[in-house]
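Good morning, everyone. Please have the sequence and the model open on your screens, and follow along as I name residues.

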Amino acid sequence: MSHTQQKVVLHLKKASVPFANTLRRAVIGRLPCFAISEADFYENNSPFYNEYLANRLGLIPLTFDPDASPDAKISLTLNAQGPGMTYSRDLTSSDEKIKPLNGDFPIADLAEGQQLRLEAWATFGNPNQHARFQCAIASYTYYPEFSLKKGAALKEFTANLPKSVLDADGNILPWHAELAEEFLEKHPDQGELKYKQDEFIFFVESYNNVDALEHFKKALGIIKKEAAEARKQV
């Protein structure tokens, strides 16, 4: 339905809530990635304890290299002096393919005379081990069916909406059905809205450099593999 590298919106047909939720849990809890899991501090007279900064470093999304070994341990070093804000761009990685996804994540605001010198280690992990290894998020909702009467009321309503929530013909996109619901609350006689019980709009958003659609496909692969194993056991 809609696809960018960071986010994909899909239409699931002939599905059920248990299946959609299984797929959601596979995306958020089963896809591995790299994240900072250890940090050695050599100098730190910033306002933050070592433990606080280590946790903050672990929350910085890192890029993913599918060819990297699962037991790889990537070094990221930081040597920053105040005054000024220290950002993720200041981390130097020993592997160019595994580094902060974005350089604008703040780490610590250092004052004059304050210094932060450390070495952190990025490892391969699974979200079931720790939330720092979560590389995507997913959600779903019932697929909406709505028809809105063309007229002055609808024209005035859609004129104040961002273009991103409208299709090429100026109609509200299905995954923004809450806007149609808002319109019908104000004008209940100007259309109708209902939801299909066996169809869903499924959202996946990527936190790293892997395409969101690729995350979705990997999650499907995990479910397929586990279902095959379950059939063997039965």
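Let's begin with one residue. Ala26 touches Leu31, Ala219 and Ile223, leaving out residues up to four places away in sequence. Touching, or contact, means heavy atoms within 4.5 Å. Ala26 lies in helix H1. Helices (H or I, at least four residues) and strands (E, at least two) are DSSP runs, numbered from the N terminus. Is Ala26 buried or exposed? Ala26 counts as buried, at 5% relative accessibility. Here buried means under 20% relative accessible area, exposed means over 50%, and partly exposed is in between (1.4 Å probe, protein chains only). Now find Ser2. Ser2 and Ala26 are 24 residues apart in sequence, and 21 Å apart in space, C-alpha to C-alpha.

A word on the source. This is a predicted model, where local features need pLDDT of at least 70 and side-chain atom pairs count only at pLDDT 80 or more, while totals for chains, interfaces and linings use all residues. Residues are numbered from 1 along each chain as its sequence is written, and side-chain values use heavy atoms, with hydrogens and water left out.

Next, the sheet. In what order do the strands of the open sheet run? The order is S3-S8-S4-S6, with 4 strands and antiparallel pairing. The edge strands are S3 (33-44) and S6 (92-93), and each pairs on one side only. Two strands pair if DSSP finds at least two bridges between them. Strand S4, residues 73-81, pairs with S8 over 9 bridges, in the antiparallel sense. Look at Leu78: its bridge partner in S8 is Leu118. S4 also pairs with S6, antiparallel again, over 2 bridges. There, Leu76 has Ser93 in S6 as its bridge partner. Helix H2, residues 50-58, lies across S3 and S8 and runs at about 150 degrees to S3. For that angle, axes are lines fitted to C-alpha atoms, for helices over the stretch in contact, and angles run from 0 to 180 degrees between N-to-C directions.

Stay with S8 and pick out Thr123. Thr123 sits in strand S8, which covers residues 115-125. Thr123 is buried, with a relative accessible area of 16%. Which side chain does the Thr123 side chain meet in a polar contact? The partner is the side chain of Ser37, at 2.7 Å. A polar contact is a pair of N or O atoms within 3.5 Å; within protein, one must be able to donate a hydrogen and the other to accept it, and residues adjacent in sequence count only if both atoms are side-chain atoms. Leaving aside neighbours within four places in sequence, Thr123 is also in contact with other residues, including Cys33, Phe34, Ala72 and Phe133.

On to the nonpolar cores. A nonpolar core is a set of buried Ala, Val, Leu, Ile, Met, Phe, Trp, Tyr and Cys residues joined through side-chain atoms within 4.5 Å. The largest one has 47 residues. Those with the most contacts inside it are Ile36, Leu57, Leu91, Ile107, Leu116, Phe202 and Val204. A second, separate core has 11 residues, among them Leu161, Leu179, Phe183 and Leu184. In soluble globular proteins, nonpolar side chains tend to be buried together.

Last topic: charges. How many salt bridges does a search of the whole structure find? The search finds 8. A salt bridge is a side-chain nitrogen of Lys or Arg within 4 Å of a carboxyl oxygen of Asp or Glu. Take Arg30 and Glu226: their side chains meet in a salt bridge, 2.5 Å from N to O. This pair links distant parts of the chain, 196 residues apart. Arg30 is in the loop between helix H1 (17-29) and S3, and Glu226 is in helix H5, residues 212-233. Arg30 counts as partly exposed at 29% relative accessibility. Glu226 is partly exposed too, at 38%.

Another pair is Asp104 and Arg89, whose closest N and O atoms are 2.3 Å apart. Asp104 lies in the loop between S6 and strand S7 (106-110), and Arg89 in the loop between strand S5 (84-87) and S6, so the pair ties together parts that are 15 residues apart in sequence.

Finally, Glu199 forms a salt bridge with Lys196, at 3.3 Å between the closest N and O atoms. Glu199 is buried at 12%, whereas Lys196 is partly exposed at 26%. Glu145 joins Lys196 and Glu199 in a network of salt bridges. Thank you.
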